Amino acid sequence: MAIISIRDLVVEYDGRRILDGLNLDIERGETMVLLGGSGSGKSTLLRHIIGLERPKSGSITVNGIDIARCSASELKKLRRSIGVAFQSAALFNSLSIKDNVALTLREHTALAPSIIELIVWMKLAVVGLADFGKLHPQELSGGMKKRAAVARAMALDPEILVFDEPSAGLDPIVAAELDELIVLLKEAFHMTVIVVTHELPSAFRIADRIAMLHKGTFSSVGTKDQIRASDNPRVRQFLDRVPDNAAKAPAVAAYFEKYLHTPEAHL
Amino acid sequence: MATLLEDVGTNTLSHLDYVGSLNIQWWATLRAMGSALPFVGNRYRWRESVRQMLQIGVDALPMVALMAICSGFILALQGASELRRFGALYFVIDLVAVGFTRELGALLTAIAVSGRSGSAFAAEIGTMKVTEELDALKVMALEPMEFVLAPKYLAALISVPCLSIISNVFGILAGGLFMFFSTHLMPGLYLHYVLTSIQLRDVLTGLIKSVVFATIIAHVGCLEGLRVRGGPDSVGRSTTSAVVKSTFLVIVADAVFTAIFYFTVKS
């Protein structure tokens with residue numbers, strides 16, 4: 001049975017349709033990559049999956065609970081089973097890395113401080129930051145911040161781990177390290193992982209299945225091999241990096257020709 | 001004409017929307033305040049409230065004291081220049097004592113706190129919004145009202161009246177110095193005249209005003225932060241807006257409360 005089911009999901013902002021009747025099942029224990037270009041609606045879909053926004057119509061069922069219609073207390077309970085690593089890491093700057101990871105443990109559990117300390121150390125060790133717990137977010141590099149965000153997202157051992165653009169703003173080596181971390185976490189903790197990205201190497205490294213979004217609808221959903229072999233024009237354009245509106249050389253030449261005949265050009 | 005009416009209508013609706021949002025936020029924060037209280041609330045929130053009290057109250061103390069001393073001198077000098085003509089120089093004592101306890105102590109403090117802390121609230125919350133920290137709180141099943149707003153409001157409710165009392169003391173002290181140097185009135189006698197001229201209700205009305213001002217400053221600052229949309233430039237705009245709007249609303253509230261006390265509390 002799918003851990004997340006999206007049915008006929010429609011999202012509109014100011015009358016503009018962003019997501020148009022999406023349907024998707026994410027199976028327990030799989031890594032689903034939501035792939036798509038800028039403005040395709042992948043981050044909007046993610047915000048709806050984690051319950052930050054409510055859709056215009058349709059449903060998103062997580063562990064049998066419809067996020068769009070559940071009560072505030074149900075949503076709160078559900079959120080404890082979802083860990084999110086944001087694109088900007090979203091660590092609290094006023095707290096040390098250790099306290100960032102400990103926050104949900106202190107707030108949602110009755111564990112003794114010494115046990116919390118131990119769990120925090122373990123989570124930081126998993127992401128390779130065991131020696132950096134006392135530092136504040138502003139003292140870390142971009143890659144370390146993202147890893148700290150992963151440690152915080154894992155604090156309550158969630159069933160579902162969500163990554164929003166994990167490789168954004170990172171150099172290829174650090175991005176590859178983060179990909180390996182995602183693969184390791186999935187294998188070690190058997191979590192369901194959802195990753196939003198537009199980075200092709202990253203997507204093909206970590207995904208079990210890929211859902212390709214274009215203008216608010218899924219162009220294609222399938223395994224890595226199915227997506228690679230897809231003959232869908234939008235998928236092919238994305239994979240082959242073909243530009244949408246290439247600058248037309250004659251049009252550019254005509255523009256400059258016209259400009260050279262204006263008075264401003266002779267000033 | 002139609003455009004003018006449309007503009008008036010749009011502006012009225014926008015201002016009503018703002019006041020409505022302030023009221024909703026105030027009510028939601030009041031409901032979340034229990035968590036920020038000592039002994040019965042969450043100890044991490046209380047710790048945060050104390051940290052805020054230090055920032056709003058203790059850090060503002062030198063500035064508020066200096067403003068009160070300068071204003072006390074100005075009030076005494078301006079009053080003396082007129083009262084001297086009628087041989088009523090000793091009424092300067094009443095002017096300064098009653099003026100500060102009823103009005104100037106609370107107003108000067110509110111203006112200082114609005115500039116220091118109102119803007120800081122807007123900047124802090126606005127930055128948290130831009131960097132997705134508020135979203136991170138929500139997905140960690142933590143309420144931003146309880147986590148961010150309640151400690152700030154509680155701290156303002158305690159710090160601003162305390163600062164107002166200190167402002168009253170320094171303002172009256174400045175009046176005493178003026179009287180000592182201009183008429184050689186001894187400090188003990190000055191204190192006696194001060195205590196005879198002010199009544200308990202003067203102090204109470206001043207304190208009621210300072211509680212209202214604290215509410216306005218905390219909520220306008222927080223609401224401006226929560227209304228940040230987009231990037232860092234928007235944080236700058238919301239910070240300026242927080243100071244302008246809270247100072248304006250403090251003066252409007254001051255006029256309303258002064259009128260209420262004038263017509264309801266008879267001497």
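**Sheets and chain contact in a predicted model**

Reader: Over how many bridges do strand 1 and strand 2 of chain A pair?

Author: In this predicted model, strand 1 of chain A covers residues 2–13. Its pairing with strand 2 of chain A is antiparallel, and the number of bridges is 9.

Reader: Which residue is the bridge partner of Val11(A) in strand 2 of chain A?

Author: Strand 1 and strand 2 of chain A form a hairpin with 2 residues between them. In the turn, Asp14(A) has a positive phi of about 50 degrees. For Val11(A), the bridge partner in strand 2 is Leu19(A).

Reader: Why is one side of strand 2 and of strand 5 of chain A left without a neighbour in the sheet?

Author: The open sheet holds 4 strands of chain A in the order 2-1-4-5, with antiparallel pairing. Strand 2 (16–27) and strand 5 (65–66) stand at the edges, so one side of each has no neighbour in the sheet; the reason is that each has a single partner strand.

Reader: Which are the edge strands of the open sheet of 6 strands in chain A?

Author: This sheet of chain A has mixed pairing and the order 6-7-8-3-9-10. From one strand to the next, the twist averages 15 degrees. Two strands pair on one side only, and these edge strands of chain A are strand 6 (82–85) and strand 10 (217–223).

Reader: At what angle does helix 5 of chain A run to strand 6 of chain A?

Author: Helix 5 of chain A spans residues 142–153 and lies across strand 6 and strand 7 of chain A. Relative to strand 6 of chain A, the helix runs at about 170 degrees.

Reader: Which element of chain B gives the most to the side that touches chain A?

Author: The contact takes 16 residues from chain A and 11 residues from chain B. By class, the side of chain B that touches chain A has 6 nonpolar, 1 polar and 4 charged residues. The element that gives the most to this side, with 5 residues, is helix 5 (residues 133–139) of chain B.

Technical notes: Residues are numbered from 1 along each chain as its sequence is written. Chains are lettered from A and ligands numbered from 1 in the order in which they are written. This is a predicted model: local features need pLDDT of at least 70, side-chain atom pairs count only at pLDDT 80 or more; totals for chains, interfaces and linings use all residues. Two strands pair if DSSP finds at least two bridges between them. Two residues are in contact if their C-beta atoms, placed from the backbone, lie within 7 Å. Ala, Val, Leu, Ile, Met, Phe, Trp, Tyr, Cys and Pro count as nonpolar, Asp, Glu, Lys and Arg as charged, and the others, Gly among them, as polar. Axes are lines fitted to C-alpha atoms, for helices over the stretch in contact, and angles run from 0 to 180 degrees between N-to-C directions.
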